[in-house]
Amino acid sequence: MIKKLITNEEIEDWLVSNISQVLEIEKDEIDTTLTFNRLGVDSITGVQITGDLEEMVGFKIDTVLLFKYPTIEKISSFLSEKTK
Amino acid sequence: MNKQQSVKAAQSIHGGKHVIVENKMLQNSQKMHAIYITNVIPTLGFIGAIIFSIYYGFGLFEVVILVLMYFISVTGMEVGYHRFFTHASFKSNSFITSFLAITGSFCAMGPVIYWVANHRRHHRHSDKDGDPHSPHKSGSFLKGLWHSHIGWQYEDNAPNTAYFAKELLKNPLVFQLNKYYLVWLVLGLLIPTVIGFFIVGGWVGALSGFLWGGLARIFIVNQVTFSVTSLCHIYGKKEYDTNEESRNLAILAIPTFGQSWHNNHHAFPNSAYIGLKWWQIDIGGMIITVLKFLGLAWDIQKPKKRIK
């Protein structure tokens, strides 16, 4: 995997789009400050999302991060810092 | 996590979505749960309960706590996990939703959304490739029996909950009930222990409640439930020409709360009532009728006409 420089907004947009597809929720209905739990992301769904996200950011992501940074906003900010 | 450990591979894909999620971490935690929590500890508990009773007897308290906890757990499993959550065969309020998810968790068969996803997978692929627990896909009779009864729990990949049960993931109440599965499971062990402590008295009463109302009860509930996935796809009468091998097995009707009329169930999967003739005892259906008269169940699904 090649590490890329990705902005906070790009990761947020990607997560909104991915979660909207996986759980079939309208993008407009996804609040980036809501917890992943509240959006309906369980451990099985979380594994799928982080698996796809790894390819997007270009480095390995532990699913545990979804619990440590439990909103789209928080994890995007953490990951975009890591790409710098 | 490398790519292999991550997510990619999937047995089959429906509508662009994975049906199962292949991930080592998920598979390991599922396997450890199935081995120890679902099977080994309750089996040891059952043996322990028998040894306990050799020394301390098996009296009225043991019978009552076992039957009471069995009744509550199978109500949670059969009426709750199965008919309410998986097949949405009736509607209810938040209290009953919570009660059924909690008491279903008492059976140690996994969190409700995971269970629902697996069971919907079983209905989609019954006795075909993709069925998690068919007795007919393992090569030999004994291998098939073992696989459909217990083995599949150790071998299987996690079902994609977002594919099979996304309406439950998106329900905040059910999501929370699902998340605290282990708390409910422990509660199901604590209740008979505390009852034993106060009714029989002291640690002997507590231990008796824990063993008979807790672990031995889980062992018995599970063996009965596993018999639906194994025996009820092998033995019994096939009254409806369903496209799989389910059977009506009368001998298990009472302990399974009606689920052993399994061919009826596969013919009418969304029906709240599984015993379809007057003599087909269906305790789960009776419980739903009682809930209906109490105003706690509505929009109850009944069998639709089907060509025999």
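Author: Two residues are in contact if their C-beta atoms, placed from the backbone, lie within 7 Å. Keep that cut-off in mind for helix α5 of chain B. What covers the buried residues of α5(B) includes α1 (24-56) and α9 of chain B. The model is predicted.

Reader: Which residues of α5(B) are buried?

Author: They are Gly144(B), His147(B), Ser148(B), His149(B), Trp152(B) and Gln153(B).

Reader: Why does Trp152(B) count as buried?

Author: A residue needs 20 or more other C-beta atoms within 10 Å of its own. Trp152(B) has 23 such neighbours, so it is buried. Trp152(B) belongs to α5, residues 141-155 of chain B.

Reader: What is Trp152(B) in contact with, beyond its neighbours within four places in sequence?

Author: The partners are Pro132(B), His133(B) and His147(B). Ser134(B) is 18 residues away along the chain, and its C-alpha atom is 8.8 Å from that of Trp152(B).

Reader: What makes α5(B) short of a straight helix?

Author: Its span does. At 1.5 Å a residue, a straight helix of its 15 residues would reach 21 Å. The end C-alpha atoms of α5(B) are only 18 Å apart.

Reader: Where is the kink in α5(B) centred?

Author: On Ser148(B), with a kink of about 65 degrees. Ser148(B) is also one of the buried residues of this helix.

Reader: Why does Tyr114(B) count as buried?

Author: The cut-off is again 20 or more C-beta neighbours within 10 Å. Tyr114(B) has 22, so it passes. Tyr114(B) sits in helix α4, residues 112-125 of chain B. Its C-alpha atom lies 7.1 Å from that of Pro159(B), although 45 residues separate the two along the chain.

Reader: Which residues touch the most other members of the largest nonpolar core?

Author: Val112(B), Ile113(B), Val116(B), Ala216(B) and Val221(B) do, in a core of 90 residues. Helix α9 of chain B, residues 181-229, gives the largest share of this core, 16 residues.

Reader: What does Val112(B) touch, not counting residues up to four places away in sequence?

Author: It touches Tyr81(B), Phe85(B), Ala101(B), Gly104(B), Ser105(B), Val174(B), Leu177(B) and Asn178(B).

Reader: Now chain A. How many helices and strands are there in chain A?

Author: Five helices and zero strands. From the N terminus, the order is α-α-α-α-α.

Reader: Why is chain A as compact as a globular protein of its length?

Author: Set its radius of gyration against the globule rule. The rule gives 12 Å for 84 residues, and chain A has 12 Å, so the chain is as compact as a globular protein of that length. Its C-alpha trace spans about 30 × 25 × 20 Å along the principal axes.

Reader: What share of the residues in chain A is buried?

Author: Buried residues make up 35% of the 84.

Reader: How many residues does the contact take from chain B and from chain A?

Author: Chain B gives 19 residues and chain A gives 16 residues. On the side of chain B, α6 (161-164), α7 (166-169) and α8 (172-179) each supply at least two residues. Helix α8(B) gives the most, with four residues.

Reader: What classes of residue does the side of chain B that touches chain A have?

Author: It has 10 nonpolar, five polar and four charged residues.

How values were computed
Residues are numbered from 1 along each chain as its sequence is written. Chains are lettered from A and ligands numbered from 1 in the order in which they are written. This is a predicted model: local features need pLDDT of at least 70, side-chain atom pairs count only at pLDDT 80 or more; totals for chains, interfaces and linings use all residues. The radius of gyration is taken over C-alpha atoms; the globule rule is 2.2 Å times the number of residues to the power 0.38. A residue is buried if 20 or more other C-beta atoms lie within 10 Å of its own, exposed if 12 or fewer, and partly exposed in between; C-beta atoms are placed from the backbone. Ala, Val, Leu, Ile, Met, Phe, Trp, Tyr, Cys and Pro count as nonpolar, Asp, Glu, Lys and Arg as charged, and the others, Gly among them, as polar. A nonpolar core is a set of buried Ala, Val, Leu, Ile, Met, Phe, Trp, Tyr and Cys residues joined through C-beta atoms within 7 Å. The expected span of a helix is 1.5 Å times one less than its number of residues. The bend at a residue is the angle between axes fitted to the seven residues ending there and the seven starting there.
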